[in-house]
Amino acid sequence: YSYSNGDWKNFGTDAGIRSRYVWSTVEDAQGTIWAGTWSGSLFKRTGNHFELVPGMEDFSAPTPALLATSDHGLLVGTGIGLLRYESNKVTWLARKPELLSPDVRAIAEALDGTIWFGMSGGGLGRLKEGKLRQYRRADGLASDYVQCLHLETNGTLWIGTFNGLNRL
């Protein structure tokens with residue numbers, strides 16, 4: 001749905017979105033609206049229509065998290081890991097076997113380019129200067145089920161989990 005000038009507009013199958021279960025949306029710096037669905041499809045809005053993006057036609061894992069990055073790319077959190085979508089190309093950043101339980105549900109990008117991502121069952125991931133680190137309950141998280149992230153400009157990361165709030 002979109003709300004503008006007091007009116008709601010529904011974007012469903014008639015507008016090109018193949019799944020009724022939209023899990024994530026984001027608007028990038030160019031004003032393009034992206035939508036990720038439970039069936040794994042990634043859609044891009046063109047006018048009043050959504051199109052399946054090239055390079056992800058056969059993708060079937062859920063896409064519950066999207067983040068438009070400062071370098072004009074798109075980070076896509078999926079049920080099987082984290083990927084970058086840019087110029088119709090998919091590049092995997094983190095997935096099995098590097099990650100345990102790689103179901104990415106939240107993404108944040110720090111000013112220095114560090115990418116933080118929360119996973120359902122996999123804890124917190126950090127991708128910094130090409131190096132991947134995974135933080136779990138054994139490292140001090142309240143839970144391995146991270147649902148939301150908030151990154152402050154001073155670098156403080158707030159981590160919302162099933163069992164409480166963490167501050168890093």
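Here are some notes on this predicted model, point by point.

1. Ground rules. Since this is a prediction, local features need pLDDT of at least 70 and side-chain atom pairs count only at pLDDT 80 or more, while totals for chains, interfaces and linings use all residues. Numbering runs from 1 along each chain as its sequence is written, and side-chain values use heavy atoms, with hydrogens and water left out.

2. Y1, Y3 and W8 make a nonpolar surface patch of about 500 Å². A patch here takes residues with over 30% relative accessible area and no salt bridge, joining like charges within 9 Å and nonpolar side chains (Val, Leu, Ile, Met, Phe, Trp, Tyr) within 5 Å. Areas are Shrake-Rupley with a 1.4 Å probe, and for residues only the protein chains shown count as cover. Y3 sits in strand β1 (residues 2–4); strands are DSSP E runs of at least two residues, helices are H or I runs of at least four, and both are numbered from the N terminus.

3. How open is that patch? For the labels, buried means under 20% relative accessible area, exposed over 50%, and partly exposed in between (1.4 Å probe, protein chains only). Y3 is exposed, at 52% relative accessible area. W8 is exposed as well, at 62%.

4. Aromatic contacts. The whole structure has eight aromatic pairs. In the pair of Y3 and W8, the ring centres are 4.8 Å apart and the planes sit at 50 degrees, so the pair is tilted. The rule pairs rings of Phe, Tyr and Trp (its six-membered ring) with centres within 6.5 Å, calling planes under 30 degrees apart stacked, over 60 edge-to-face and the rest tilted. Y1, Y3 and W8 also form one aromatic cluster.

5. A charge over a ring. K9 lies over the face of F11, 5.1 Å from the ring centre. The test wants NZ of Lys or CZ of Arg within 6 Å of the ring centre and within 35 degrees of the ring normal.

6. Salt bridges, and the one across the chain. Side chains of opposite charge can pair when their charged atoms come close. The cut-off is a side-chain nitrogen of Lys or Arg within 4 Å of a carboxyl oxygen of Asp or Glu, and the count comes to three salt bridges. R84 and D71 make one of them, at 3.3 Å from N to O. That pair links distant parts of the chain, 13 residues apart: R84 is in strand β9 (residues 81–86), and D71 is in the loop between β7 (65–68) and β8 (74–78). R84 is buried at 16% relative accessibility, whereas D71 is partly exposed at 40%.

7. The other bridges. D103 and R105 meet at 2.9 Å, N to O. D103 is buried at 18% relative accessible area, and R105 is buried at 18% too. D144 pairs with R136, with the closest N and O atoms 3.2 Å apart. Here D144 is buried at 15%, while R136 is partly exposed at 23%.

8. Strand β12, covered on both faces. In a regular strand the side chains alternate between the two faces of the sheet. In β12 (residues 115–119), five of its five residues are buried. I115, F117 and M119 lie on one side and W116 and G118 on the other, and both faces are covered.

9. The neighbours of β12. Strands count as paired if DSSP finds at least two bridges between them. Strand β11 (residues 104–109) runs antiparallel to β12, joined by five bridges, with V104 opposite M119. Their hairpin has five residues between the strands, and G113 in the turn has a positive phi of about 95 degrees. β12 also pairs antiparallel with β13 (residues 123–128) over five bridges, and G118 stands opposite L124. That hairpin has three residues between the strands, with G121 in the turn at a positive phi of about 100 degrees.

10. Strand β6, a two-faced case. β6 (residues 49–52) has F50 and L52 on its covered face and H49 and E51 on its uncovered one. Four bridges join it antiparallel to β5 (residues 42–46), where R45 stands opposite F50. The β5 and β6 hairpin has two residues between the strands, and G47 takes a positive phi near 65 degrees.
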